Amino acid sequence: MHPAPSVIFFSTFSGLGFGLLIFLGLGMPATTGFNAFIFLAIAYLLAVGGLISSTFHLGHPERALKAFSQWRTSWLSREAWCAVAALVLMAVYGAGLVFFEQRWTPLGVLGALASLGTVFTTSMIYGQLKTVPRWNSPLTPANFISLCIAGGALLAGQIVPAVALLALAGAIQIATWLRGDSAFANSGTTMQTATGLGHIGSVRAFEPPHTGTNYLLREFVHEVRRKHAHKLRIIAIMLMAVLPVVLLLLPFNHVLALFAVLAHVGGVLTARWLFFAQAEHVVGLYYGKR
Amino acid sequence: MTMLPAKTEKKLGLVIDLDTCVGCHACVISCKGWNTENYGAPLSDQDPYGADPSGTFLNRVHSYEVQPPMLGRAAAPDAQLIHFPKSCLHCEDAPCVTVCPTGASYKRVEDGIVLVNEADCIGCGLCAWACPYGAREMDAAAGVMKKCTLCVDRIYNENLPEIDREPACVRTCPSSARHFGDFADPDSNVSQLVAERGGMDLMPEQGTKPVNKYLPPRPKDQLARREEEIDGLAPFLAPVASEAKGFLSWLNKTLEKL
């Protein structure tokens, strides 16, 4: 799949932002006043910044409000509802923290649930697609949610939970890669089933339908140079999980914590780029490209 | 609405005959023409006469080479070249419809045609991601998703002569490789073709239940592999006399002596 920067930035930063909102909603850390304002501002910048970035890949962003209408079937529509619910609930809860020094716990828990729901619905946009066997697995939501919570714990300064959650997220990331590498071959979709010609013999794409490129090839068959994929995976896992865990286990210091956050963000961005760049869509079979 | 209808009154769709398609791409051109000049945003081209041309098409013709396996120790049979037109299959369980966040994509209850309401489309592209067949293409100029409408503006169009009330690709096909009809009616032309010729689904394992069916190509003759004479008329054309007689025989011998 084409690794569109807008979607990579959206899913990484809004995942982190909603992760931080989850911890703030649960009262971790239990701050109020100006301190709470700083935490909330960081979370909203990340979450809303990510959401705005995601509209850049729309053909008609001015019609985006219509996306709230089809929550019965569409994970993208459900994501829109969850995101708005989370941002509104947490804004009211945050106003209590910042202006009234009050913790309205039920509101915070609801906001945390809606934040978690937003990341889950985002992940299901990809996880539901049978056309991309690498994504079509419960590991996709597990991957997105574990990274969101680990990143949230890190940003919220919850050292002990963050160490455990980062290690868990790293393990789920590795499991996602290992399963994903054989997912296409295990999906049962081949050139034979795509063309229905397998009963005659082995099928080879002889001539494409067009001499130039097209939307399908750019979007789905887009062949990114993947020769460094293995190295990028090692870099991603080191940055997203190993390095932050090591930094957090050292005696606490705000500079080290900042490096842990930066490393984690860099690692998740790398992993998210690979998530798209390595995903194979079955339509490539019609072009003999799988 | 992106909820799929439990059942549609008709199941309009195409039968595509891989045995008779000659790969002329006339259906591609007539589709592009009709759907650019009529309903909805035109099918745009980008840099059409330049170095990197591309454009939106709702119907494309692939060509595949199929190599039958060797049987025993005989030489491998001849490979078959199969031209393969592909457009929206108007699936019963259309995954492109249910993923749409705005309701722009829908499947009609009355005839099962899958359509896009372009005024509601935000151009997110998720429907094209959900389609295993590559039947949907985002138009780069209009920013909305384009797909085969089964020429909904032809098949019910009373301003057209009756003979033209079928999809442009079907109307134009010079080898009658494309057939249009109602699959819900077991006596329709398309249902009978599917029954007689073993019409098949593309990617059945994806669970989309496509309405459009493909007729498999018949096995190819293996003329080059056969040693004995296979032409029925050939025995009658064999020379009846191998040796000349009479005047011609004398002429032949005389000329050879010279």
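**View 1. Ala205(A) stands opposite Tyr64(B) of β4(B).** In this predicted model, local features need pLDDT of at least 70, side-chain atom pairs count only at pLDDT 80 or more, and totals for chains, interfaces and linings use all residues. Residues are numbered from 1 along each chain as its sequence is written, chains are lettered from A and ligands numbered from 1 in the order in which they are written, and side-chain values use heavy atoms, with hydrogens and water left out. Ser63(B), in β4(B), is the bridge partner of Glu207(A). Strands here are DSSP runs of E with at least two residues, and helices are runs of H or I with at least four, both numbered from the N terminus.

**View 2. Strand β1 of chain A (residues 202–207) pairs with β4(B).** The pairing is antiparallel and runs over five bridges; two strands count as paired if DSSP finds at least two bridges between them. Strands of a sheet pair through backbone hydrogen bonds, either parallel or antiparallel. The strand order β1(A)-β4(B)-β5(B) makes an open sheet of three strands with antiparallel pairing. Its edge strands are β1 of chain A and β5 of chain B, each pairing on one side only. From one strand to the next the twist averages 40 degrees (axes are lines fitted to C-alpha atoms, for helices over the stretch in contact, and angles run from 0 to 180 degrees between N-to-C directions).

**View 3. A salt bridge links Asp120(B) and Lys66(A).** The closest N and O atoms of this pair are 2.8 Å apart. A salt bridge is a side-chain nitrogen of Lys or Arg within 4 Å of a carboxyl oxygen of Asp or Glu. Asp120(B) lies in the loop between β7 (114–116) and α3 of chain B, and Lys66(A) in the loop between α2 (33–54) and α3 (75–99) of chain A, so the pair joins two chains.

**View 4. Chain B is in contact with chain A through 62 residues, against 60 residues of chain A.** Contact means heavy atoms within 4.5 Å. About 4700 Å² is buried between the chains, 60% of it given by carbon and sulfur atoms; buried area is the accessible area (1.4 Å probe) that two parts lose on being put together, summed over both.
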